[in-house]
Amino acid sequence: MNRRSFLSLLALATLCSRSSRSLAREGGVAARFGELPPAGRVSRVFAAGSPAAVLACVLAPGKLLGWPMRMDAAARALLPAPAADLPFLGRLSGRGSTVGTETLLSLRPDLVLDAGSVNPLHLSGAERVWQQTGLPYVLVDGRLEDHPAQLREVGRLIGAAGRGRELAGLAAHILDRVRAEASANRDEAPPRVYYARGRDGLETGLAGSINMEAIEFAGASNVAAEAGSGGLTQVSMEQILAWNPDVLLTQDAGFARRVRGDRLWRSVRAVRNGRIHVAPILPFGWLDGPPGVNRLVGLPWLLPRLYPHRYPGSDRGRLDRFTAETFERFYGKALPAALVAAAADGEAG
Amino acid sequence: MRPGPRRSLPWLAALAGLLTVLVIACCAGKFPLPPEQLLRALLARLGWADPVDATVDTVVWNIRLPRIAAGLAIGAVLGAAGAAYQNMFRNPLVSPDILGVSAGAGLGAAAAIFLALPLVAVQAMAFAGGLLAVVAVYLVARSVRRHDPVLVLVLAGVAVGTLLGAGISLLKILADPYTQLPSITFWLLGGLNAVTGGDLLAALPAMLLGLLPLALLRWRINLLSLGDEEAAALGVEVRRLRALLIAAATLGTAAAVSLAGIIGWVGLVVPHVARLVVGPEFSRLLPASLLTGAGFLVATDTLARTVAPMELPLGILTAIVGAPFFLVLLARGRGHR
Amino acid sequence: MSGEPLLRLLELEAGYAGHTVLHGIDLALSRGEVVCLLGPNGSGKTTLLRTLLGLLPPRAGRVELLGVAPARWSRAAFARHVGHVPQAHEVQFAFSAEDIVLMGRASRVGLFSTPSRHDRDMAMQCLATLGVAHLASRVYTTLSGGERQLVLIARALAQEPSILVMDEPTASLDFGNQLRVLEHVDRLRGLGLAVLMSTHQPEHALRVADRVLLLAQGRVLAEGPPEPTLTVANLAALYGVPEAVIGPVWAARPPST
């Protein structure tokens with residue numbers, strides 16, 4: 001069977017296709033349709049999907065019109081005040097849209113903000129929305145490395161230039177720091193990581209999948225890269241035992257709890273050695289889900305977990321404090337100690 | 001039919017084929033395991049060889065064998081249920097999905113994933129969804145009179161199945177595209193990669209309970225393929241018999257689907273293949289469908305876990321492997337249906 | 001001939017919801033008796049047969065098998081008394097003729113059992129009775145219409161019934177097969193069976209029947225022994241054809257046995 005066609009089918013089915021790189025990218029904005037209003041006059045932003053919503057929320061929570069995804073109370077409690085109470089509106093995603101064109105118009109947005117994969121299908125969908133509604137549409141490429149430019153550019157476009165510059169600087173700092181860490185000490189083999197998704201942990205991202213971006217950026221070697229590149233895939237327990245990863249990462253605390261008592265999973269080196277780490281998912285996933293600027297908080301969290309020997313004692317504490325600081329600067333709320341602790345609940349063997 | 005060398009030949013061939021498939025399935029896998037180590041791991045647990053490395057033991061006894069066992073059980077159940085449904089509905093195009101069991105199970109599982117319920121609830125809701133869908137179809141069909149009851153059942157199944165399918169689509173569009181949607185999609189594509197020995201043991205009673213009436217009524221089912229009135233005139237309590245068979249086939253299928261997700265095509269093709277070899281008489285067709293279904297699913301699943309670097313969804317592979325195989329058989333078949 | 005009739009219809013009205021097809025039918029069928037049911041298309045012959053087989057509940061009046069209504073018999077017990085020969089038909093699956101005849105044993109095989117050696121011998125014997133033992137292992141769907149009809153009669157005999165209900169057993173058969181079937185009916189009477197058969201051919205009734213029942217528009221037009229009942233006048237009234245047309249044809253009929 002033709003693997004590529006199969007993969008693209010899967011990618012389509014899961015709406016998780018990664019961005020096509022054929023498009024030239026300058027700055028953070030990949031495409032825009034229509035005349036944008038002057039930045040000072042933008043006060044109502046419609047986020048087409050969750051990555052865009054996170055972006056708008058951290059830049060100008062007061063301008064976001066609503067959430068394209070369902071937000072539970074726990075997530076809302078950690079958001080800056082104006083964003084915490086916003087209603088669920090639905091997403092704009094071609095045939096998969098859950099918000100109607102008329103609803104969109106009745107919300108009277110000044111612009112539609114979209115972040116994520118920039119491929120011809122997505123581009124033409126954005127253009128179609130603009131043609132139908134006359135609403136200006138801004139599409140930014142949501143790749144991790146573009147986050148600083150993206151924060152700066154979008155901040156400028158929606159009249160939050162100062163906030164954009166501030167967060168862009170922080171983002172650039174985090175990325176530089178992590179990049180340096182990832183490339184340091186080349187003669188040391190990178191940790192081999194399995195990222196367990198899904199309720200049973202048997203779903204993972206192939207090489208280059210957008211779900212693996214943060215983990216791969218941090219210098220970890222994705223064990224599933226052996227199975228190919230593309231989007232998400234299912235794997236078997238036997239496969240995981242054959243890979244025998246050093247580190248197991250997940251965003252599902254329930255799964256991690258189950259794994260600790262599971263005979264099968266305890267045969268995996270990472271679980272045996274207590275190197276299973278649960279990334280928090282509040283207010284948004286720290287590793288992926290959605291693949292947006294929310295991952296910037298996850299990167300400093302990831303470092304001591306991937307490279308524990310480099311962060312003995314106080315160093316680790318310092319990095320964790322930096323993570324908490326980053327969280328606070330992004331969301332304007334203190335990182336509750338319980339959040340990291342609850343996630344760590346599943347960690348120790 | 002009297003047993004004779006010509007009659008028993010297909011059975012011996014089928015058993016030999018199944019055995020071959022099982023041996024290959026045991027040897028194949030992502031975890032590198034040379035045959036002699038595999039053999040030692042097998043013998044060690046039986047006390048006939050020295051203990052092997054714990055991981056090897058786990059791979060063989062806790063992963064590979066349960067998965068193969070699940071493939072055997074699920075394939076057998078789907079094959080048998082398909083054969084029963086085809087005879088019962090007098091239609092070789094019918095599959096166990098016809099009364100909405102797969103759609104119901106799919107909706108149950110999708111709802112559980114959507115509501116972020118634990119894994120065990122996904123299975124339980126899939127099982128319950130499958131059963132409820134068929135109960136609904138049966139009750140709707142029973143309330144309609146003055147029509148051919150078989151036709152009404154099939155039409156009610158199509159309608160309810162479509163309704164449930166719409167429910168699945170709705171959940172897919174409401175689900176979070178980054179976390180829930182992939183899980184729902186993978187579940188609907190089916191697969192044995194997540195099945196554990198415990199899951200299998202939990203589903204096994206329902207599967208066996210579903211197969212039991214099929215086995216006990218293996219001769220009487222034939223009469224339903226004559227038509228309701230003719231069967232009644234020959235002394236069959238048609239409605240009761242059909243209700244019992246639907247309940248049994250549904251129970252088994254729902255258990256199989258809750259374990260492995262939606263695996264299409266097996267229940268449709270396997271009875272055909274079996275019928276080509278042993279004919280339509282159900283006391284022969286049932287064991288033939290059990291054997292063929294078990295062998296086919298284990299073989300397909302072995303391909304699913306070995307043919308590509310990644311795990312291929314079983315539901316896709318059963319169609320890719322099954323359809324051409326079926327067409328070839330169909331083209332070669334002579335007179336027999 | 002024992003006095004008590006096996007099957008009796010009393011003041012029977014039959015049909016479907018909101019549509020009564022048969023009115024005031026009386027009939028008694030006794031051991032060793034062949035009754036032919038004659039009537040044009042739509043006269044209610046099939047409705048009558050379905051009602052007395054218990055497949056259709058009567059709208060009024062009574063059907064009695066050995067004095068008890070079909071609905072109060074279990075299907076199996078009823079089938080041990082009443083054998084049914086449907087019109088030769090299509091079967092979806094490629095059963096062998098022996099498989100088909102064996103199904104006649106359903107009422108005598110336990111619910112969870114399969115046919116015993118005795119049942120198989122019985123089936124073969126029934127095929128042999130009708131002179132088609134050679135068809136046993138042939139696939140039913142590949143048989144000719146006549147062969148199928150004989151196999152279906154064999155199946156009804158495998159029920160070991162005391163009454164045989166036959167729905168147009170000679171329809172769609174060639175001349176030779178028609179005669180063969182009639183001969184068998186004659187022989188079955190000799191074995192003590194009661195036979196009720198519907199037919200479109202009055203000369204067949206003349207040949208085998210002890211009595212005929214003429215059914216027109218759901219009512220009994222005439223009943224009695226064939227010779228005096230099957231008059232030109234009755235046939236003309238039954239089929240709605242002028243006597244002048246029917247007279248010459250009926251007069252030229254082959255001599256009855």
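1. Which residue in β8(C) is the bridge partner of C:Val35? In this predicted model, the partner is C:Arg211, and the pairing belongs to a set of four bridges that join strand β3 (residues 34-38) of chain C to β8(C), the two strands running parallel. On the antiparallel side of the account, β8(C) pairs with strand β9 (residues 219-224) of chain C over five bridges, and C:Leu213 stands opposite C:Glu223 in β9(C). Two residues lie between the strands of the β8(C) and β9(C) hairpin, where C:Gln217 takes a positive phi near 50°.

2. Between chain C and chain B, 37 residues of chain C are in contact with 30 residues of chain B, and the area buried is about 3100 Å², of which carbon and sulfur atoms give 60%. Nine residue pairs are in polar contact across this interface, counting pairs with both residues at pLDDT 80 or more. The elements of chain C that give two or more residues to the side touching chain B are α2 (75-81), β5 (82-85), α3 (97-102) and α4 (117-129), and the largest share, four residues, comes from α3(C). That side of chain C divides into 17 nonpolar, 12 polar and eight charged residues.

3. Three salt bridges are counted between chain C and chain B. One of them joins the side chains of B:Glu230 and C:Arg155 at 2.8 Å, N to O. C:Asp99 also forms a salt bridge with B:Arg284, with the closest N and O atoms 3.9 Å apart; C:Asp99 lies in helix α3 of chain C and B:Arg284 in helix α13 (residues 282-306) of chain B, so the pair joins two chains. C:Asp99 is buried, with a relative accessible area of 9%, and B:Arg284 is buried at 17%.

4. Within chain A, A:Glu213 and A:Arg143 form a salt bridge whose closest N and O atoms are 3.6 Å apart. This pair links distant parts of the chain, 70 residues apart, with A:Glu213 in helix α9 (residues 213-217) and A:Arg143 in the loop between β4 (137-141) and α7 (147-157); both residues are buried.

Definitions and conventions
Residues are numbered from 1 along each chain as its sequence is written. Chains are lettered from A and ligands numbered from 1 in the order in which they are written. Side-chain values use heavy atoms; hydrogens and water are left out. Two strands pair if DSSP finds at least two bridges between them. Contact means heavy atoms within 4.5 Å. Buried area is the accessible area (1.4 Å probe) that two parts lose on being put together, summed over both. A salt bridge is a side-chain nitrogen of Lys or Arg within 4 Å of a carboxyl oxygen of Asp or Glu. A polar contact is a pair of N or O atoms within 3.5 Å; within protein, one must be able to donate a hydrogen and the other to accept it, and residues adjacent in sequence count only if both atoms are side-chain atoms. Ala, Val, Leu, Ile, Met, Phe, Trp, Tyr, Cys and Pro count as nonpolar, Asp, Glu, Lys and Arg as charged, and the others, Gly among them, as polar. Buried means under 20% relative accessible area, exposed over 50%, partly exposed in between (1.4 Å probe, protein chains only).
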